[in-house]
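Take a first look at this protein chain. The questions below go through it step by step.

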Amino acid sequence: MTPEIGQISLILALLLSVLQGCLPLWGAWKSQQRWIDSARPLSYGQFALTALAFSILIHAFVVKDFSVAYVADHANSLLPVQFRIAGAWGGHEGSLLLWQVMLSGWTVAVALLSRQLPAATTARVLSVLGLVSVGILSFTLLTSNPFVRLIPSAPDGQDLNPLLQDPGMIFHPPLLYMGYVGFSVAFAFAMAALLEGRLDAAWAKWTRPWTLAAWTFLTLGILLGSFWAYYELGWGGWWFWDAVENASFMPWLVGTALIHSLSVTEKRGSFKNWTVLLAILAFSLSLLGTFLVRSGVLTSVHAFAADPKRGLYILIFLLVVVGSSLSLYAWRAPTVGLGGRFSLFSRESLLLLNNVFLVATMGTVLLGTLYPLALDAFGLGKISVGPPYFEAVFVPLMLPLLLLTSIGPFVAWKAGSLKDTLHALRGVGLLSVLLGVSTALIHSASWRVALGVLVAFWILSGSVLHAWQRLQAGADQRSIAQRWALIPASFWGMVLAHVGLGVFVLGATLVKGTDHVRDASLQVGQSTTVADYRFDFQSIDKQKGPNYLAGRATFQVYKAGELIATLHPEKRYYVVQRMPMTEAAIDRGISRDVYVSLGDTAKDGAWGVRVQIKPFMSFVWLGALLMALGGSVAALDKRYRRTKRDTTPQHPNLP
C-alpha cells in the first residue's frame with residue numbers, strides 16, 4: 001500500500017462526497033426515489049476510501065517510511081511503535097485526515113441506524129454531511145496532503161514532539177474529534193429539517209441521541225486531555241484556560257444547552273428556534289476550534305505548525321457554513337411555530353434561563369479567547385488574557401446555572417408553583433448549607449470554598465431526591481424493580497450527569513481552595529515538608545529510554561512518621577529533538593493526590609522540586625466520568641429506536 005494509493009483514495013472520496021452532497025438532495029427535492037436511495041451507498045463508499053487512506057498513512061508510520069514528508073516530520077526510528085501509530089494524528093495533516101475519517105464514520109453510523117426515518121429525511125441529512133466532507137477533503141488535498149513524497153528520502157525522522165509521546169496521545173485526539181465532529185450530525189439534522197420545513201417533536205427525538213453521543217465523546221476527550229496535562233506538564237494544574245482548551249470547551253457548553261433545548265422541543269414542541277440555532281452554533285464552534293488550532297494565530301502546546309493559507313481556507317469554510325445555515329434559517333424562520341405557551345415560573349422558563357446562561361458563559365470564554373488575537377491582528381498591541389479573567393467572569397455566570405440544576409426538576413411544565421418547589425427543596429437547602437459551612441470550618445477554608453461545597457451538595461442532594469421521588473411513583477401497585485424498569489433510560493442518564501456535575505464541583509472546589517504547594521531546592525539526602533507530609537529526597541539515578549535519557553529520582557513520603565508512598569519523578573532529555581521534559585510522580589488516593597515533580601539542577605547539584613498535596617483530586621475525574629456515563633445512558637434510551645414517526649410531544653413527566 002503506497003502513499004500514492006492513499007492520495008488517489010482521497011481524490012475518489014472527494015468525488016463521492018460531491019455526489020453524496022448533491023444527488024440525494026436533488027432526489028428529495030424532486031421526489032425521485034433512485035437518487036434518494038443513492039445516499040447510503042455513497043456514504044459507505046466515501047467511508048471505505050477515507051479509512052483506506054488513513055490505514056495507508058498509519059502503515060507508513062509503522063514501517064518507518066521516511067520518504068513520506070509527514071512521516072519524516074513526526075516520527076523517528078527510535079520512536080516506540082505505539083507512538084509511531086499515534087504520530088499519524090500528531091501533526092496537522094494527519095489529524096485533519098483523522099477528522100475526516102471520524103466525519104465519514106459518523107455519516108455511516110447515521111446511514112445504518114436511521115432506517116426507521118423517512119427516506120427523504122435521511123437523504124437530506126446524509127447530503128448535508130456529504131457537503132461538509134467536500135469542504136474537509138478539499139482542504140486536505142489542496143493544503144494539507146499527508147502523502148507528499150520527499151525526494152530523496154530522509155535518512156531518519158525528526159521525531160514526534162516529546163509532549164505527545166504519552167499514552168494520552170493515543171486516546172485523547174480520537175475521543176475529542178469524535179465529539180467535535182459528532183456535532184455535525186446535529187447540524188445536519190437541523191439543516192435537513194429546515195430544508196423540509198418540518199421542525200417537529202419527531203425531528204428533535206431523532207436528533208437528541210446523536211447530540212448526546214457527540215457530547216459524551218467530547219466530555220471524555222476533554223477529561224482525558226485535562227488528566228494528561230495534569231500529570232504530563234508537571235505544574236499540577238488540570239485546567240489552564242489555554243486558548244485551545246477553550247476551543248473544545250465552547251462547543252461543550254453550547255452542546256449542553258442543545259441537549260436541554262432538544263428535550264423541550266421533543267416533549268413540549270417549544271424552543272424550536274433555540275434548538276436550530278444551538279445546533280448551528282455547536283458545529284460552528286467546532287470549526288472555529290479547528291481554525292484556531294491550524295491557523296497559526298495561537299501559541300499553545302496544543303496548536304499545530306502554522307500555515308496562513310490553511311487558516312484562510314478554514315476561515316472561508318467556516319463563513320460559508322455559518323452564512324449558508326443562517327440564511328436557510330432566516331428563510332424558514334417565519335414558518336417555525338413558537339410551540340406551547342408557558343408561564344414565567346415553569347420548567348420551560350428555567351430551561352430557557354439555563355440556555356441563556358450557558359450561551360452567555362460561552363460568550364465570555366469566546367471573548368477572552370479571541371479578544372487578544374483581534375488586538376494583535378489590528379496592530380493594537382499584545383495582551384494576555386489568563387485565569388484571573390476567566391475565573392472572574394466564568395464563576396458568577398455558572399453559579400446561578402448550577403443552582404438551577406436542582407430547581408428545574410421540581411418545577412412543573414407549563415405552570416409551576418413557587419410555594420410547592422420551595423417546600424420540596426427545603427431539606428435539600430438546609431443540608432447543603434450545613435455541609436458547606438461545616439466543610440469550611442473543618443478545613444479553615446474561605447467563604448468561596450463554603451459556597452462551592454454548598455452548591456455541590458445542593459446539586460447532589462437535589463438529584464438524589466428527584467430520583468427517589470420518581471421511584472416512589474406508583475409504589476402501591478408495583479415493586480421497586482418494576483418501577484425502575486418503567487422509568488426511561490434518559491431519566492437515569494440525566495440523574496447520573498447531574499450527580500457527576502455535583503461531584504465535579506465538589507472536587508474542583510476543594511482542590512483549588514485547600515491544596516498545598518511548596519517549591520524547594522533539594523540535594524540528595526535533604527527533605528521538605530508541606531501540610532502534614534514529609535518528602536525525603538533519597539537518590540537520583542541515570543536511566544536510558546528508547547529515545548531519551550533521564551534522571552530518575554526517588555522520594556519517600558511520610559505522614560505522621562509513617563511511610564505512605566515511594567515516588568519516582570523523572571527529568572527526561574529527548575535526544576533527537578533536544579528537548580527536556582518533566583515526568584511527575586503521583587500517589588493517587590480517594591481523598592488526596594501526593595504530587596512530586598522535578599525542575600532544573602543548580603550549580604551546587606541541588607534540584608528544583610515541587611511537592612503538592614491536592615485534596616479530592618479524584619472527584620474531578622470521577623465527576624466528569626459520571627457526566628459522560630450519564631450522556632451515554634441517555635443516548636441509549638430505547639425510545640429513540642422506535643420505528644414509528646410520532647410527531648406528538650412526549651408526556652410531560654418524561655425526562
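Two strands count as paired if DSSP finds at least two bridges between them.

Q: Which residue in the turn between β6 and β7 has a positive phi?
A: Five bridges join β6 (residues 570-574) to β7 (residues 579-583), and the strands run antiparallel. Tyr-574 stands opposite Met-579 in β7. The two strands form a hairpin with four residues between them. With a phi of about 50°, the residue in question is Arg-578.

Q: How many helices and strands are there in the protein chain?
A: Both kinds of element occur. The count is 19 helices and 10 strands.
The C-alpha trace spans about 80 × 70 × 55 Å along its principal axes. To repeat the count: 19 helices and 10 strands.

Q: Why is the protein chain as compact as a globular protein of that length?
A: The chain has 655 residues, for which the globule rule gives 26 Å. The radius of gyration is close to that value, so the chain is as compact as a globular protein of that length. That radius is 26 Å.

Q: What share of the residues of the protein chain count as buried?
A: Buried here means under 20% relative accessible area. The accessible surface of the chain comes to about 27,600 Å², and 65% of this belongs to carbon and sulfur atoms. Of the 655 residues, the buried share is 56%.

Q: What is the mean pLDDT of the protein chain?
A: A pLDDT of 70 or more is reached by 94% of the residues. Over residues 300-305 the pLDDT is below 50, and over residues 643-655 the pLDDT is also below 50. Where pLDDT is low, the predicted coordinates should not be read in detail. For the protein chain, the mean is 89.

Methods:
Residues numbered from 1 in each chain as written. Predicted model: local features only at pLDDT ≥ 70, side-chain atom pairs only at ≥ 80, totals over all residues. Heavy atoms only, no water. pLDDT = per-residue confidence, 0-100. Contact = heavy atoms within 4.5 Å. Rg over C-alpha atoms; globule rule 2.2 N^0.38 Å. Buried < 20%, exposed > 50% of the residue type's maximum accessible area, 1.4 Å probe, protein only. Areas by Shrake-Rupley, 256 points an atom, 1.4 Å probe, with all protein chains shown as cover.
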